[in-house]
Amino acid sequence: MILDTNSANKTAELLLQINAIKLNPENPFTWASGWKSPIYCDNRIILSYPTIRNYVREAMAKQVEQLYGKPDVIAGVATGAIGIGILVAEVLGLPFVYVRPEPKSHGRKNQIEGHLEAGKTVVVIEDLISTGKSSLNAVQALREAGADVKGMIAIFTYGFTVASQNFEANGIPLHTLSDYRHLIAQASQTNYIKETQQQTLLQWREAPQQWKPE
């Protein structure tokens with residue numbers, strides 16, 4: 001869910017500006033899932049641009065407070081959201097932990113890194129939502145550790161129906177700074193993409209697992 005349309009447009013503009021989001025309908029990317037995609041998103045690039053990372057951290061921190069007041073802890077999903085999660089926690093003056101995809105195979109075999117007491121309220125920070133599977137895996141780990149997970153805030157989502165269904169099934173509210181719809185509108189408005197490319201990108205969004213480049 002988008003809370004602020006102006007922020008959604010601005011975030012999309014900034015992501016395109018620094019090429020954190022790459023659009024290439026003619027020569028698509030291959031995701032780890034095997035899906036062919038005309039879009040690739042790497043929000044970790046944000047950390048290399050101080051002005052933009054400051055905008056993102058302030059916008060995310062503002063949404064945390066608007067939606068949840070001040071939780072006890074901010075959690076980032078490894079690895080993509082560790083950096084931005086720390087920045088959000090710093091703005092809010094809150095403790096920070098991060099969650100690995102799975103427990104380490106050595107040492108203390110932690111999946112959650114940092115100090116987290118059972119019963120604490122947690123808001124999870126994520127950089128990107130596709131199907132939501134890895135994000136919700138982090139939520140499950142936090143719950144198993146006794147945390148009260150209030151919700152998740154991410155920088156960007158593709159807005160897949162399967163993601164919405166997954167978050168709803170797990171009882172986790174999801175809010176994002178921007179999404180695919182705002183991105184495509186911004187890319188079209190600024191002539192970042194041509195009209196024919198826009199049509200391809202919209203078609204992919206409707207059935208990404210079946211899409212093939214023409």
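Biologist: What makes the space of about 370 Å³ the second largest pocket?

Modeller: The second largest pocket holds about 370 Å³, where volume means the space filled by probe spheres set on grid points joined across faces, edges and corners. A pocket is an open set of points on a 1 Å grid over the protein atoms alone, where a 1.4 Å probe fits, with protein on both sides within 12 Å along at least five of seven lines. This is a predicted model, so local features need pLDDT of at least 70 and side-chain atom pairs 80 or more, while totals for chains, interfaces and linings use all residues. Numbering starts from 1 along each chain as its sequence is written, and side-chain values use heavy atoms, without hydrogens or water.

Biologist: Which residues lie closest to the centre of the second largest pocket?

Modeller: T157, G159, S164, D179 and R205, out of 21 lining residues; lining means an atom within 4 Å of a point. Two or more lining residues come from each of α5, β10 (174–179), α6 (180–189) and α7 (195–206). Helices are DSSP runs of H or I, at least four residues, and strands are runs of E, at least two.

Biologist: How many residues of each class line the second largest pocket?

Modeller: Twelve nonpolar, five polar and four charged. Asp, Glu, Lys and Arg are charged; Ala, Val, Leu, Ile, Met, Phe, Trp, Tyr, Cys and Pro are nonpolar; the others, Gly among them, are polar.

Biologist: Which residues are closest to the centre of the largest pocket?

Modeller: The largest pocket holds about 800 Å³. Of its 31 lining residues, A32, D127, L128, S130 and S134 are closest to the centre. Helix α4 gives the most to this lining, five residues.

Biologist: Why is the F29 and Y40 pair called tilted?

Modeller: Twelve aromatic pairs are counted. F29 and Y40 have ring centres 5.6 Å apart and planes at 40°. Phe, Tyr and Trp (six-membered) rings pair within 6.5 Å; under 30 degrees is stacked, over 60 edge-to-face, the rest tilted, so this pair is tilted. F29 sits in β2 and Y40 in β4, eleven residues apart.

Biologist: Are F29 and Y40 buried, exposed or in between, and how do you know?

Modeller: F29 is at 22% relative accessibility and Y40 at 36%. Buried is under 20%, exposed over 50%, with a 1.4 Å probe and protein chains only, so both are partly exposed.

Biologist: What makes W31 and F160 a tilted pair?

Modeller: Their centres lie 6.3 Å apart and their planes at 55°, so the pair is tilted. W31, at 14%, is buried. F160, at 3%, is buried.
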